[in-house]
Number of protein chains: 2
Amino acid sequence: MNELNGRNPTLDDVALQAGVSSATVSRFINNPAVVAAATAERIRAAITATGYIPNLLAGGLASSKSKMVAVLIPHLVDSMFNATIETMVAELSAAGMNVMLGLTGISTTRTSELIRAALSRRVDAIISTGPLDAETVELARRSPALFLQVWELPEDPPGLAVGFSHRDAGRDIARFVLSRGYRHPHLVTADGTRARLRRDGFVEEWQAQGGGALTETTVAIPSTFGQARRVFSEMRRLDQQPDIVVCGSDSLAQGIIVEAQAAGLRVPDQLAVMGFGNSAIAGEMRPTITTVDIDGARIAREAIAAIRSHSAGVPSEHRSIDVGFRLIARESA
Amino acid sequence: MNELNGRNPTLDDVALQAGVSSATVSRFINNPAVVAAATAERIRAAITATGYIPNLLAGGLASSKSKMVAVLIPHLVDSMFNATIETMVAELSAAGMNVMLGLTGISTTRTSELIRAALSRRVDAIISTGPLDAETVELARRSPALFLQVWELPEDPPGLAVGFSHRDAGRDIARFVLSRGYRHPHLVTADGTRARLRRDGFVEEWQAQGGGALTETTVAIPSTFGQARRVFSEMRRLDQQPDIVVCGSDSLAQGIIVEAQAAGLRVPDQLAVMGFGNSAIAGEMRPTITTVDIDGARIAREAIAAIRSHSAGVPSEHRSIDVGFRLIARESA
DNA sequence: CTGAAAGCGCTTACAG
DNA sequence: CTGAAAGCGCTTACAG
């Protein structure tokens with residue numbers, strides 16, 4: 001605290017002060033149980049006295065464990081993942097890990113750059129939500145970091161995948177729409193792989209069940225509240241007016257409801273609306289929004305559990321964890 | 001690529017392959033201009049051949065520059081900062097830096113732990129949005145990292161602050177409300193320091209201008225769409241019904257509009273509503289929401305510029321940058 | 001423009 | 001339970 005003029009105190013400063021070796025201080029910090037109680041007490045005091053803050057760059061270099069995990073998501077604004085990410089960050093913190101946040105947009109190039117950056121920092125794991133190019137998959141496969149894909153279940157994941165079948169979700173939605181007696185669905189699909197899978201699942205099932213013609217709009221990803229104006233006004237120009245709009249997100253569904261009401265339509269009587277994601281607004285909107293719930297907290301927990309055992313040296317099986325989904329029927333459809 | 005059996009290639013491997021010293025490879029990576037063109041070419045080839053990925057833990061340790069900045073925000077869900085953070089992350093990436101994300105909730109303890117974690121990683125800068133306890137301020141002051149507070153202008157910032165006066169914003173809102181002829185405002189204030197400052201500014205100005213009695217509700221932070229139901233129903237039980245609801249966020253304002261319309265009130269004729277933050281929904285809601293715009297992109301730019309010059313060794317002046325705010329009158333009030 | 005070498009601050013077998 | 005020492009993979013004066 002004094003004769004180290006300005007520089008940060010190091011492990012050696014603490015050791016000197018406590019009258020032990022720096023190795024012992026290191027052990028105390030990483031695993032207090034292995035040092036004698038009396039020694040521990042002296043070290044604790046020395047840490048406080050010196051104001052020691054461990055240097056995790058040095059620690060990570062020496063142990064090749066950075067205690068850092070990269071989380072890669074497309075956006076922060078209007079993102080369906082935020083609740084999941086929030087849980088993840090909280091759980092990781094609780095486990096003594098920090099997160100490196102990467103925003104990929106919808107570009108695989110951006111994603112691959114960020115994965116390189118993450119590997120540069122020797123992260124213990126990479127959690128990714130976006131599509132990957134072949135080179136990146138190869139990089140992920142080679143890397144000692146655990147590679148986690150969440151919110152989807154790719155064919156042959158390079159690491160571990162925790163998600164659900166978007167195609168099945170689409171099928172379920174189709175069955176629901178049919179069972180409620182709607183005849184003219186209008187699909188609003190975001191321009192991304194996952195949304196497209198749901199759309200395909202819907203169309204397959206719809207046709208398999210002998211549903212009639214359906215209409216569609218594609219919107220930029222992510223689907224937002226703000227897109228509703230254009231989508232709705234385009235929809236109004238269709239020859240056959242839909243009786244239900246199936247949206248790619250709750251925000252968009254909310255927007256459609258607002259537009260419909262502004263146009264004097266009663267929801268769901270004159271126009272029904274479905275969302276996706278079961279965000280907080282879905283249960284609170286008037287009318288409440290029928291949507292599909294994904295257990296983001298479970299995804300986060302499974303992911304973190306896998307990371308912890310991977311860090312603990314347990315060999316990670318390459319596999320997929322299907323957390324499923326749950327259609328929640330509310331007032332809007 | 002071959003005789004290093006499994007381990008990551010290092011600078012030495014690249015150097016060997018390129019027939020130069022590792023120092024030269026290091027120089028090439030950090031400042032390509034200083035090595036001869038022919039050498040550079042050989043190094044480039046060797047990097048590709050070996051699949052070299054620099055180890056930033058080692059690099060950071062040696063240079064005491066982590067090229068990492070910590071961003072500390074309260075929440076990810078329903079956060080007014082997301083747009084600002086998104087710009088920041090993008091700009092930092094472009095500048096070759098990565099971000100460590102910390103979620104503080106509303107706890108100063110959590111904040112202080114995260115700041116310690118950030119210092120452990122020897123981040124070049126810490127961007128914080130929350131309130132700090134005295135000990136943390138001291139920690140920040142001592143640290144070589146640039147300490148940035150954004151979205152507010154504290155009295156005596158330990159580092160640099162980039163934000164605006166919440167009190168002045170509250171005053172402006174009061175003047176606007178008065179100028180539009182509203183007589184019975186109902187304030188919905190989130191339980192946080194910044195929201196409270198705006199509330200205080202409003203009340204001061206309102207009283208100074210001779211406004212009459214006003215009513216208030218406090219809500220948990222952050223103020224969300226979902227809080228609107230309770231707020232609205234409580235409000236309806238007041239003796240004196242308000243003619244305008246002044247909300248702490250656009251989400252909440254949107255929720256109030258939905259509730260008001262569901263109750264058969266016309267907005268703004270029978271009840272006006274104001275938001276705060278000018279989020280994407282504000283301009284797209286029906287009616288569009290009168291709100292206060294904060295130039296988040298400017299905040300992000302100023303912050304990143306400061307970080308870059310701090311990293312470049314330019315001594316950072318301790319000061320505040322006021323980016324102001326702008327009231328946007330739309331349909332809802 | 002380039003190299004040899006010291007040093008950044010930890011961790012971790014290895015011994016005792 | 002603890003210490004001495006090597007090593008993690010870089011950067012950067014210092015020389016040339």
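**Figure 1. The four-stranded sheet of chain A.** In this predicted model, 4 strands of chain A form an open sheet in the order 7-6-8-9, and the pairing is parallel. Two strands count as paired if DSSP finds at least two bridges between them. Helices (H or I, at least four residues) and strands (E, at least two) are DSSP runs, numbered from the N terminus. The edge strands, strand 7 (215-219) and strand 9 (272-274) of chain A, each pair on one side only. From one strand to the next the twist averages 15°. Here axes are lines fitted to C-alpha atoms, for helices over the stretch in contact, and angles run from 0 to 180 degrees between N-to-C directions. Strand 6 (residues 185-190) and strand 7 of chain A run parallel and are joined by 5 bridges; A:Thr189 has A:Thr218 of strand 7 as its bridge partner. Helix 9 (residues 193-208) of chain A lies across strand 6 and strand 8 (244-246) of chain A, at about 155° to strand 6. Contact between two residues requires that their C-beta atoms, placed from the backbone, lie within 7 Å.

Two notes apply to every view. Residues are numbered from 1 along each chain as its sequence is written, while chains are lettered from A and ligands numbered from 1 in the order in which they are written. The model is predicted: local features need pLDDT of at least 70, side-chain atom pairs count only at pLDDT 80 or more, and totals for chains, interfaces and linings use all residues.

**Figure 2. Two cis peptide bonds in chain A.** A cis peptide bond joins A:Ile221 and A:Pro222, with omega about 0°. A:Pro222 lies in the loop between strand 7 and helix 10 (228-236) of chain A. Another cis bond joins A:Arg286 and A:Pro287, with omega about -5°. A:Pro287 is in the loop between strand 9 and strand 10 (291-293) of chain A.

**Figure 3. A positive phi in chain B.** Most residues other than glycine have a negative phi, and most peptide bonds are trans. B:Asp78 has a phi near 60°, a positive value in a residue other than glycine. B:Asp78 lies in the loop between strand 1 and helix 5 of chain B.

Figure 4. An open sheet of 12 strands has the order 11(A)-5(A)-4(A)-3(A)-1(A)-2(A)-2(B)-1(B)-3(B)-4(B)-5(B)-11(B), with mixed pairing. Its edge strands are strand 11 (319-322) of chain A and strand 11 (319-322) of chain B, each of which pairs on one side only. The twist averages 20° from one strand to the next. Strands of a sheet pair through backbone hydrogen bonds, either parallel or antiparallel. Within chain A, 6 bridges join strand 1 (residues 68-73) to strand 2, and these strands run parallel; A:Val69 has A:Val99 as its bridge partner in strand 2. Between the chains, strand 2 (residues 98-103) of chain A and strand 2 of chain B run antiparallel and are joined by 3 bridges. A:Met100 stands opposite B:Met100.

**Figure 5. The contact between chains A and B.** Chain A and chain B each give 41 residues to the contact. On the chain B side, helix 4, helix 5 (82-94), strand 2 (98-103), helix 6 (108-120) and helix 11 (250-262) each supply at least two residues. Helix 5 of chain B has the largest share, 6 residues. The residues of this side divide into 24 nonpolar, 10 polar and 7 charged. Ala, Val, Leu, Ile, Met, Phe, Trp, Tyr, Cys and Pro count as nonpolar, Asp, Glu, Lys and Arg as charged, and the others, Gly among them, as polar. The same surface serves both copies, since 100% of the contact residues of chain B recur in chain A.

**Figure 6. The surface near DNA strand D.** DNA strand D is surrounded by 27 residues, and the closest are A:Thr39, B:Leu11, B:Ala23, B:Ser26 and B:Ala62. A residue is near a strand if its C-beta atom, placed from the backbone, lies within 6 Å of it. Helix 2 (22-30) and helix 4 (56-63) of chain A, and helix 2 (22-30) and helix 4 (56-63) of chain B, each give two or more residues. Helix 2 of chain B gives the most, with 6 residues.
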